[in-house]
Amino acid sequence: MSRSRVLGLVAASCGGVETRLCAELAAPAVERGWRLAVTLTPTAAHWLAATGELDRLRALSDLEVRSEPRRPGQPRPHPDPEVFLFAPATAGSVAKLALGIADNQALTVLGDAVGEHGVTIVVGYQVRDSRFRHPAWRGHLDALAAAGVRARRLPVDEPWTGVLDLLP
């Protein structure tokens with residue numbers, strides 16, 4: 001499969017990740033022809049493992065599902081995707097990505113890709129309405145947009161699948 005059809009699917013620990021990630025994002029992406037290179041935040045990995053969804057997610061890809069960095073000397077488990085989907089993303093993870101904070105493997109992968117020529121990043125965030133009143137929130141979204149990142153709020157009461165339409 002060509003490099004351009006590898007989707008770097010990154011997910012954080014938003015409510016619903018443990019039941020919606022596979023059904024509404026990962027499986028539909030595979031159906032659209034994407035090869036998944038999945039990276040989870042540590043908490044998201046823990047939640048998915050606790051519900052059995054981690055095994056289901058692993059079954060959707062021939063690549064390792066990551067949540068921890070590799071050790072020195074280990075081969076890279078994923079090719080370099082030209083397209084990333086960070087969904088669901090928390091308010092905290094959006095802020096960290098905008099500020100360049102890479103305190104887990106998921107944010108490291110994305111942080112290395114932000115601003116990279118030829119790489120598309122789409123962020124589907126799930127936040128409370130009050131987040132839009134926080135004085136820093138708009139600035140985080142603006143910073144990501146200035147780097148070419150496309151962002152959309154994930155609907156709480158509708159399938160998350162619509163965010164896949166933002167992918168090239």
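A pocket is an open set of grid points where a 1.4 Å probe fits, with protein on both sides within 12 Å along at least five of seven lines; a volume is the space filled by probe spheres set on the points. The model examined here is predicted.

**Exercise 1.** Describe the volume and lining of the largest pocket.

*Solution.* Step 1: the space in the largest pocket is about 430 Å³. Step 2: its lining comprises 22 residues, and R76, D80, F84, V109 and D112 lie nearest the centre. Step 3: two or more lining residues come from each of β1 (6-11), β2 (35-40) and α5 (105-113). Of the elements, α5 gives the most, with five residues. Step 4: by class, the lining has 10 nonpolar, seven charged and five polar residues.

**Exercise 2.** Classify the aromatic pair of Y125 and W137 by geometry, and locate both residues in the chain.

*Solution.* Step 1: there are three aromatic pairs in the model. Step 2: in the pair Y125 and W137, the centres lie 5.3 Å apart and the planes are at 75°. Because planes over 60 degrees apart count as edge-to-face, this pair belongs to that class. Step 3: Y125 lies in strand β4 (residues 120-125) and W137 in helix α6 (residues 137-146), so the pair ties together parts 12 residues apart in sequence.

**Exercise 3.** Is F132 buried, partly exposed or exposed, and how does F132 pair with W137?

*Solution.* Step 1: F132 has 38% relative accessibility and therefore counts as partly exposed. Step 2: W137, at 3% relative accessible area, is buried. Step 3: F132 and W137 pair edge-to-face, at 6.3 Å centre to centre and 85° between the planes. Step 4: Y125, F132 and W137 form one aromatic cluster.

Note on methods: Residues are numbered from 1 along each chain as its sequence is written. This is a predicted model: local features need pLDDT of at least 70, side-chain atom pairs count only at pLDDT 80 or more; totals for chains, interfaces and linings use all residues. Side-chain values use heavy atoms; hydrogens and water are left out. Rings of Phe, Tyr and Trp (its six-membered ring) pair if their centres lie within 6.5 Å; planes under 30 degrees apart count as stacked, over 60 as edge-to-face and the rest as tilted. Helices (H or I, at least four residues) and strands (E, at least two) are DSSP runs, numbered from the N terminus. Buried means under 20% relative accessible area, exposed over 50%, partly exposed in between (1.4 Å probe, protein chains only). On a 1 Å grid over the protein atoms alone, a cavity is a set of points where a 1.4 Å probe fits but cannot get out, and a pocket is an open set with protein on both sides within 12 Å along at least five of seven lines; lining residues have an atom within 4 Å of a point. Ala, Val, Leu, Ile, Met, Phe, Trp, Tyr, Cys and Pro count as nonpolar, Asp, Glu, Lys and Arg as charged, and the others, Gly among them, as polar.
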